[in-house]
Amino acid sequence: MDPLYIAPTPSSPEVDFQFATHTLHLRGESYPENAAAFYGDIIARLKEYLAQQSGQRIEVHIALAYFNSSSTKMLFNLIDALNEAAEAGNTVALHWYYDEDDDTILEFGQELSDDFPDLEFTNHPVKPA
């Protein structure tokens, strides 16, 4: 499956899904004008990839400095798809990066960890630049 790469903009994150190496990255900020449109194709491609996996280890790195409420819903949908892949027998390691001074992003990550127990969830505090 071809990689999925979307360059970052001021309002949307970099998406770098290297399906061949089972490594997925989201980085930057996420407040696109239409989050459903932005994430719709990403989630569709992710689900297509996940449907082809069996017993695979998948590494997911999410480093979002900011995301709005509509992006939150789409992130939840994306992570739900990953959790379903974990329930189906894949190992999904979710690395959650947050600014060590940002309690909001940390707490959202903790909620994800609680809501999706089948994921191997790791918090990674990052020192502010």
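The exercises below work through a predicted model.

Residues are numbered from 1 along each chain as its sequence is written. Local features need pLDDT of at least 70, side-chain atom pairs count only at pLDDT 80 or more, totals for chains, interfaces and linings use all residues, and side-chain values use heavy atoms, with hydrogens and water left out.

**Exercise 1.** Determine which side of helix α3 is buried and what the buried residues pack against.

Solution. 
1. Helices (H or I, at least four residues) and strands (E, at least two) are DSSP runs, numbered from the N terminus.
2. Helix α3 has 13 residues and spans 18 Å from its first C-alpha to its last, close to the 18 Å expected at 1.5 Å a residue; the expected span is 1.5 Å times one less than the number of residues.
3. Buried means under 20% relative accessible area, exposed over 50%, and partly exposed in between (1.4 Å probe, protein chains only). In α3, I105, L106, F108, G109 and L112 are buried.
4. These residues cover an arc of only 160° around the axis, so they are on the same side of α3; the arc is that of the directions from the helix axis to the C-beta atoms.
5. An α-helix has 3.6 residues a turn, so residues three or four places apart point the same way.
6. The face turned away from the buried side carries exposed T104 and D114.
7. The buried residues of α3 pack against β4, α2, β5 and β6 (120-126). Contact means heavy atoms within 4.5 Å.
8. At the start of α3, a side-chain oxygen of D102 comes to within 3.0 Å of the backbone nitrogen of T104.

**Exercise 2.** Identify the residues with the most contacts inside the largest nonpolar core, and the elements that supply it.

Solution. 
1. A nonpolar core is a set of buried Ala, Val, Leu, Ile, Met, Phe, Trp, Tyr and Cys residues joined through side-chain atoms within 4.5 Å.
2. The largest one has 38 residues, and F17, L46, L78, L82 and W96 have the most contacts inside it.
3. At least two residues of this core come from each of β2 (14-18), β3, α1, β4, α2, β5 and α3 (103-115).
4. Leaving aside neighbours within four places in sequence, F17 is in contact with residues including P3, L24, I42, L46 and L78.
5. W96 is buried, with a relative accessible area of 1%.

Conventions: Polar contact = N/O pair within 3.5 Å; in protein donor to acceptor, adjacent residues only side chain to side chain.
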